[in-house]
Amino acid sequence: MIRKVKPQIRVIGFDDGTFSFKSKVGRDKTILIGVIMKGSQDVVGILSRWIEVDGRDATEKMIDAIVNSRFKDLRVIMLKGITYAGFNIVDIEKLSKETGLPVIVVIRKRPELKAMENALKKHFPDAEERIRLLRKGGEIRELIPEKLFYQAFGIEPKTAEDIIKITQKSSLIPEPLRLAHMIASAVMTGESKKE
């Protein structure tokens, strides 16, 4: 449990790379990058795994990256949304339980959950299971009206908000997530894309 949020809190932020059918690694995989930082200042380390586009392995790959890394003093996991590589949906409850860390999901635009559910039903035979994972994310809370939203699992909303604010630097998106996005896009396309 996090009682007081320190400016140097160790956070890992995950984001995935872009993907297309012309991707260098084949049409069905993209990179998953985890950036470990002390607050918004120092990068401590970077983790990577490959995940399947529209697959079911994002949760396991995140757990594997954290549990098998040499970085053992992490306090929080941050995700840039709950879906990766298309509809590879993270089970944030499992992610939290198997790593022993709370999870904060940071979202730029309020998701259209009904539209997502309809797309899942249309394209996936296991749509109900994926929808169940979407709903496990919990309440979507607004941090900055119309600009930044979040979900919190295993952590009080106020504490989650404090951590988001402490990890922001030059963007609304917390720095570990911003850097993970840039690195992942550089791996997949040859150059980083601005968040």
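1. Lys97 and Glu93 sit 4 residues apart, about one turn of the helix, within helix H2 (residues 92-99), where helices (H or I, at least four residues) and strands (E, at least two) are DSSP runs numbered from the N terminus. These two residues form a salt bridge whose closest N and O atoms are 2.9 Å apart, the term meaning a side-chain nitrogen of Lys or Arg within 4 Å of a carboxyl oxygen of Asp or Glu. Lys97 is exposed, with a relative accessible area of 60%, whereas Glu93 is partly exposed at 24% (buried means under 20% relative accessible area, exposed over 50%, partly exposed in between, with a 1.4 Å probe and protein chains only).

2. A word on the basis of these values: this is a predicted model, in which local features need pLDDT of at least 70 and side-chain atom pairs count only at pLDDT 80 or more, while totals for chains, interfaces and linings use all residues. Residues are numbered from 1 along each chain as its sequence is written, and side-chain values use heavy atoms, with hydrogens and water left out.

3. The count of salt bridges comes to 17, and one of them joins Glu129 to Arg56, with the closest N and O atoms 3.6 Å apart. This pair links distant parts of the chain, since Glu129 belongs to helix H4 (residues 127-136) and Arg56 to the loop between strand S3 (42-52) and helix H1 (58-67), 73 residues apart. Glu129 is partly exposed at 28% relative accessibility, and Arg56 is also partly exposed, at 42%.

4. Another salt bridge brings together the side chains of Arg135 and Glu117, at 3.1 Å from N to O. Arg135 lies in helix H4 and Glu117 in helix H3 (residues 113-123), so the pair ties together parts 18 residues apart in sequence. Arg135 is exposed, with a relative accessible area of 55%, whereas Glu117 is buried at 6%. Separately, salt bridges that share partners join Arg56, Asp126, Glu129, Arg130 and Arg132 into one network.

5. Turning to the strands, 7 of them form an open sheet of mixed pairing, in the order S3-S2-S1-S4-S7-S9-S8, where two strands pair if DSSP finds at least two bridges between them. S3 and strand S8 (141-144) stand at the edges with a single partner strand each, so one side of each is left without a neighbour in the sheet.

6. Strand S2 (residues 29-38) runs antiparallel to S3 and is joined to that strand by 10 bridges; Lys29, for example, has Glu52 in S3 as its bridge partner.
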